[in-house]
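Hi everyone, thanks for coming.

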Amino acid sequence: MAKLVLYRLAFVLPQMLVVSVLVFSMTYLVPGSPAGAVLGPSATPEAIAQVEAQLGLDAPPLQRMGEWFTALLQGDLGTAYRSGMPVTDLISQRLPATLSMVVGGMLVALLLGVGVGVLAGTRPGTKVDRLLTGGTVLGIAIPEFWLGLLLTTVFAAHLGWFPIVGWVPPSTDFLGWLHGLVLPSITLGLTGGAIIARQTRAAMVRSLASPFIDTLAAAGVSRRTILYRYGVKNALVPVLASAGVVFAILIGVSFVAEKVFSFPGLGDLMLTSTIGQDFPVVQGVVLVTAALVVAINFVLDISYGLINPQARPA
Amino acid sequence: MTTSTIGPNAADTSSTRQAAGLRQLWRRLRSQPVTLVSTLVLLGIVAVAVLAPLLAPYAPEATDFDHPLSGPTADHPLGSDELGRDVLSQLIYAARTALLVAGGSVLVAMLIGVPLGLVLGYKGGWYDRIGSRGMDIADALPGLMIGFVVIAILGRGMLVLILAIGIIFSMNFARMVRAVTLTERKKLYVDSAHVTGLPTRDILFRQILPNMVGPLAVQGAVFLGNAIKVEAALSFLGLGLPESQPSWGGMLRVAAEHQADRPWMALPPGLAILITVLVLNLLGDGLNDALSGRRPVRKRARSAAPVPPPAPAAVADDARAAVLTVDDLVVVADRPDGSTARLLDRVSLQVRRGEVLGLLGESGSGKSMLAKSILGMLPPNVYAEEGSIRLDGQQLRGLPEREFAKLRGRKLGVVFQNPQGNLSPVHTIGQQLCEALRANNELSRKQARARAAELLELVGVDDASRRLGQYPHQFSGGMAQRVAIAIALAGEPEVLILDEATSALDVTTQSQVLDLVLDLRERFDMAIINITHDLGVAAETCDTVAVLYHGELLEVSEVNALFDDPSHPYTEALLAAHPTAETELDRLPTIADKLTVDGDWIRK
């Protein structure tokens, strides 16, 4: 176990380091300079130079990178150009809404995806399978934010079952928080679930075609036990490996969907900063998102090793 | 075709091969109605986009301030937005935007991803290691985030949008091309191109690349769909094209503002996105199935002949000693074209308690199908059409699965060939053995565990109680096969079938496992059917040997009689083809196919 954790850490830490360097270098790719982008096309060279000095952009790249990393290690992501607020504060205000939505979506995706995938994969070629597989094709094709729009229109605006403005912090009103999370989680979960369902189905079909299934069946073990204890566990191995990809996709989807549900998440922050070319904020959001994805993959890889003995380092 | 560089001959064969491949692909695609309909719908959308000025009733930006936010009317069949712009016209013009941006970005993704994947896959080594790590790192970011970053750096606009979406998908293309290149570069044509001194660039782009047109087309279709979704999402957020340019995402942005008072406004653009992405995905799936030759599995109603009534008393008397009797068994497989193929043709044999019956034959002779018929584990589309299989007098042919399930384990057991594959890789040996034990006996967990250790010891696995906690990959092939035997013995079956159970093992291990089986036969008083293609194994272990060829049983003899005086010319040829220590030949003897058209053997 400890070995497995260390082994994965040896992969994760360099990965985060490279991502950080890339994120830092982002400002050097801006045509002209970030200061010019902030001030607009009519800015005089003097004004740009002044702002650059003010923002510390005129220091040599290595020195800037050193300072940036030193601050980063202390949890300081810099100061927003526009609002002058610490980026760390801006992000930590928005993180709960995004995380709630993504985790809720992920739960729905896993329940739905594994359920549908197992149901379809255990009876390939049947009507049930074709219906469910057809459903997953639809689930992948549907634009998530449009689905969210339809769901809020019908269930929030029209039927009034759910609040239109969904976000309530869990510390203020826990049940209200859960209530508001239902529609966003379903929206994110349907897409993620469709992806997971397709993978589960394929893995299930593969796993049920393995000779060990016949070995157990021939030894008199009941079909139900074989399917659900042996087939599913073997099928979950590849599914778990891809859950990290789905998590990353759902974060991206949440950035768009939060607008539909009026969630004060990272997406809105990223959107205004992207339009305003507020680079410290953009860098901060990218870095935090990447760290989230890397962290979830780390956890998944460990649990992958726990399920699949062959993936454990010798 | 560019293969002419390695000689006219090679070019010729490869182009005819490609033409044949294309014809086959077309045949398969034609038989997929969903793919055909999707193609038609997609062509329709493309036509609408191209002919937009002719089809749209208004210019997309034309305003009608007299009728803002109207519902469907004669003037505006799909209504109008807050500036009175015609929704239908916008929808039509937006198809142009969607296809242009998606097409452009898939092109960008291919331009970046394909060369990258080719080089990484072909060069291998450090290039590949660093490149693959790079792709893993790119995985840490949601695709949409990369889009945000590109737009943040370069500002908004059509070209930036195309570039942003293209970069998102480039890594997917790189990954796929790398994987295909890895397998392609090991193939002969790459070697021969290399030997003829073709520059690497030409090998990559002129030799390898044409071989992945299929997979690239599949990915291209799927990512066109994805790109349309991303474009819509970015336009919905206002990061895409300027408002003046009609886009489905932009229309949804307007619709979202009127969600409360004009809920229907979200329908036309949303459905347009959904349908376009859907047909692209279906097209990709269909193309993928056609390329891989996969066809939908359809179960056909079984049309087997009625099961014969119980055998007359006289026959039953004779069969009393035999625990398993197979009579005139015919097993057929459905062909895709509706006809059937005979896998077993009137096969009859019997096996007694304590007897080892060898079932000898080359691959494809129907040995395994016979085993699967007895076990009731025939694959879908294969079924026993005629004849009978009786176990202790009970008719097995046509027995419902529910009844069959009761026999497996307690009366019938089997060990298959693949030693590692026979065991679930993610469960311990103990879990699997206990599962089989508890399925056949009333045992508590603890009792099952103790019995499992005994059984494991019995099949010759040392240190049994510790090894129960281990996983199959920690076992050697021979040891894993002993575990599979233990699982088959859990219900103390009357008939044990070994389906090439020792074929994958080395010779020493093989004879150890066979000795074990002979030992167990006495202990459990079982009948054993040993299916093998190995004459040595048959000679060593069997009392009686049956020879199968192309689904027909050629002869059944006592083992010594068979080896000393084979009655059938095929058996003779089979024995002659078996290399022994005395064989001093430059080449191993082979069996020529001596069957005539109607299936009779020609006597020499």
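**Starting with a helix pair**

Let's begin with two helices of chain A: α7 (residues 144-158) and α8 (residues 174-208) pack with their axes 9 Å apart, at an angle of about 145°. The way α7(A) passes α8(A) is a right-handed crossing. If you want to find the contact on the screen, look on the α7(A) side for A:Glu144, A:Leu147, A:Gly148, A:Leu151, A:Thr152, A:Phe155 and A:Ala156. Facing them from α8(A) are A:Leu183, A:Ile186, A:Thr187, A:Leu188, A:Leu190 and A:Thr191. Sorted by class, that contact of α7(A) with α8(A) comes out as eight nonpolar, four polar and one charged residues.

Before I go on, please keep in mind that what you're looking at is a predicted model. How confident is the prediction for chain A? Its mean pLDDT is 86, and 99% of the residues of chain A reach 70 or more. Going element by element in chain A, the highest mean pLDDT is 93, for helix α5 (residues 87-121), and the lowest is 74, for helix α2 (residues 34-39).

**Chain A as a whole**

Now let's zoom out. How many helices and strands are there in chain A? The C-alpha atoms of chain A fill a box of roughly 85 × 60 × 35 Å along the principal axes. Chain A has 314 residues, and 45% of them count as buried. Among contacts in chain A with a separation of 6 or more, 72% are between residues 24 or more positions apart.

**Two domains in chain A**

The contact between them takes 14 residues from domain 1 of chain A and 16 residues from domain 2 of chain A. Which elements give two or more residues to the domain 1 side? Those are α11 (266-275) and α12 (279-307) of chain A, and α12(A) gives the most, with nine residues. By class, the residues on that side of domain 1 of chain A are eight nonpolar, five polar and one charged.

While we're on α12 of chain A, have a look at A:Val299, which sits in that helix. Is A:Val299 buried or exposed? A:Val299 counts as exposed, because it has 12 C-beta neighbours inside 10 Å, and 12 or fewer is the cut-off for that label. A:Val299 and A:Val5 are 294 residues apart in sequence, yet their C-alpha atoms are 9.1 Å apart in space.

One more stop in chain A is A:Ser262, in the loop between α10 (223-261) and α11. A:Ser262 is not a glycine, but it has a positive phi of about 50°. With 16 other C-beta atoms within 10 Å, A:Ser262 is partly exposed.

**Over to chain B**

How do the two chains meet? Their contact takes 62 residues from chain A and 67 residues from chain B. Several elements of chain B each supply at least two residues to the side that touches chain A, including α5 (125-138), α6 (143-154), α10 (213-237) and β6 (412-415). The one that gives the most is α6(B), with eight residues. That side of chain B has 44 nonpolar, 15 polar and eight charged residues.

Chain B has a helix pair to show you as well. The axes of helix α4 (residues 87-123) of chain B and α12(B) come within 10 Å and cross at roughly 35°, and α4(B) passes α12(B) in a right-handed crossing. From α4(B) the contact uses B:Val87, B:Leu91, B:Ala94 and B:Ala98, and from α12(B) it uses B:Pro268, B:Pro269, B:Ala272 and B:Thr276. The class count for this contact is seven nonpolar, one polar and no charged residues.

Last one: B:Asp463, in the loop between α17 (445-458) and α18 (464-467) of chain B. Its phi is positive, near 55°, in a residue other than glycine. B:Asp463 is exposed, with 11 other C-beta atoms within 10 Å.

Terms used: Residues are numbered from 1 along each chain as its sequence is written. Chains are lettered from A and ligands numbered from 1 in the order in which they are written. This is a predicted model: local features need pLDDT of at least 70, side-chain atom pairs count only at pLDDT 80 or more; totals for chains, interfaces and linings use all residues. Two residues are in contact if their C-beta atoms, placed from the backbone, lie within 7 Å. Helices (H or I, at least four residues) and strands (E, at least two) are DSSP runs, numbered from the N terminus. Ala, Val, Leu, Ile, Met, Phe, Trp, Tyr, Cys and Pro count as nonpolar, Asp, Glu, Lys and Arg as charged, and the others, Gly among them, as polar. A residue is buried if 20 or more other C-beta atoms lie within 10 Å of its own, exposed if 12 or fewer, and partly exposed in between; C-beta atoms are placed from the backbone. pLDDT is the predictor's confidence in each residue, from 0 to 100. Axes are lines fitted to C-alpha atoms, for helices over the stretch in contact, and angles run from 0 to 180 degrees between N-to-C directions. A crossing is left-handed if the near helix is turned anticlockwise from the far one by less than a right angle, and right-handed if clockwise.
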